[in-house]
Amino acid sequence: MSSDDKDKRQARSTLIALIVILALVVLASFFMVPLIAESTSGLFDDGLGLKNAAIIAFFVTVTLLVVFAISSGDGLIGELQFVLGGFFSFFLILWLMIAWIF
């Protein structure tokens with residue numbers, strides 16, 4: 001048997017294996033759709049709310065950025081320009097994540 005025939009047989013068997021695996025993945029995802037839809041229904045329930053999440057995020061952000069500014073060595077005044085930018089970006093991310101998760 002020539003090496004060309006061996007390569008053709010190996011390529012054919014690899015293609016068949018890939019098609020079988022792809023079919024199994026499609027079949028498994030088809031059966032998982034109702035389960036995934038059921039598990040995501042709790043994501044949109046009423047949670048903490050934006051107002052309460054904003055209050056929590058504000059105090060967590062202020063506390064954390066004061067600790068960061070003091071531990072950086074220059075104190076609160078020397079790092080003010082960086083703390084303000086960091087405050088608004090960290091507050092926004094933390095606020096929306098708290099409201100979304102809780």
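Predicted model: local features only at pLDDT ≥ 70, side-chain atom pairs only at ≥ 80, totals over all residues.
Residues are numbered from 1 along each chain as its sequence is written, and side-chain values use heavy atoms, with hydrogens and water left out.

Okay, the overall layout. The protein chain has four helices and zero strands, and reading along the sequence you get α-α-α-α.

Buried is under 20% relative accessible area, exposed is over 50%, and partly exposed is in between, with a 1.4 Å probe and protein chains only.

Now some contacts, meaning heavy atoms within 4.5 Å. If you skip neighbours within four places in sequence, Ala54 is in contact with Phe91 and Trp95. Leu94 sits in α4 and, again not counting residues up to four places away, touches Ala57, Val60 and Thr61. Take Leu94 and Val60: they're 34 residues apart in sequence, yet 8.7 Å apart in space, C-alpha to C-alpha. Across the protein chain, among contacts between residues at least 6 apart in sequence, 72% join residues at least 24 apart.

Next, the aromatics. Rings of Phe, Tyr and Trp (its six-membered ring) pair if their centres lie within 6.5 Å; planes under 30 degrees apart are stacked, over 60 edge-to-face, and the rest tilted. By that rule there are six aromatic pairs. Phe87 and Phe91 are stacked, because their ring centres are 5.8 Å apart and their planes are at 10°. Both are in helix α4, four residues apart, about one turn of the helix. Phe87 counts as buried because its relative accessibility is 15%, and Phe91 is buried too, at 17%. Ring pairs also link Phe58, Phe59, Phe87, Phe88, Phe91 and Trp95 into a cluster.

What about Phe30 and Phe31, buried or exposed? Both are exposed. They form an edge-to-face pair, 5.6 Å centre to centre with 65° between the planes.

Those two also belong to a nonpolar surface patch with Ile16, Val20, Leu24 and Leu27, about 650 Å² of accessible area together. Patch residues have over 30% relative accessible area and no salt bridge; like charges are joined within 9 Å, nonpolar side chains (Val, Leu, Ile, Met, Phe, Trp, Tyr) within 5 Å. A salt bridge is a Lys or Arg side-chain nitrogen within 4 Å of an Asp or Glu carboxyl oxygen. Leu27 lies in helix α1 (residues 3-39) and counts as partly exposed, at 44% relative accessibility.

Last, the whole chain. Of its 102 residues, 12% count as buried. The accessible surface comes to about 8300 Å², of which 75% belongs to carbon and sulfur atoms. Those areas come from the Shrake-Rupley method with a 1.4 Å probe, and for residues only the protein chains shown count as cover.

Terms used:
Helix = DSSP H or I, 4+ residues; strand = E, 2+ residues; numbered from the N terminus.
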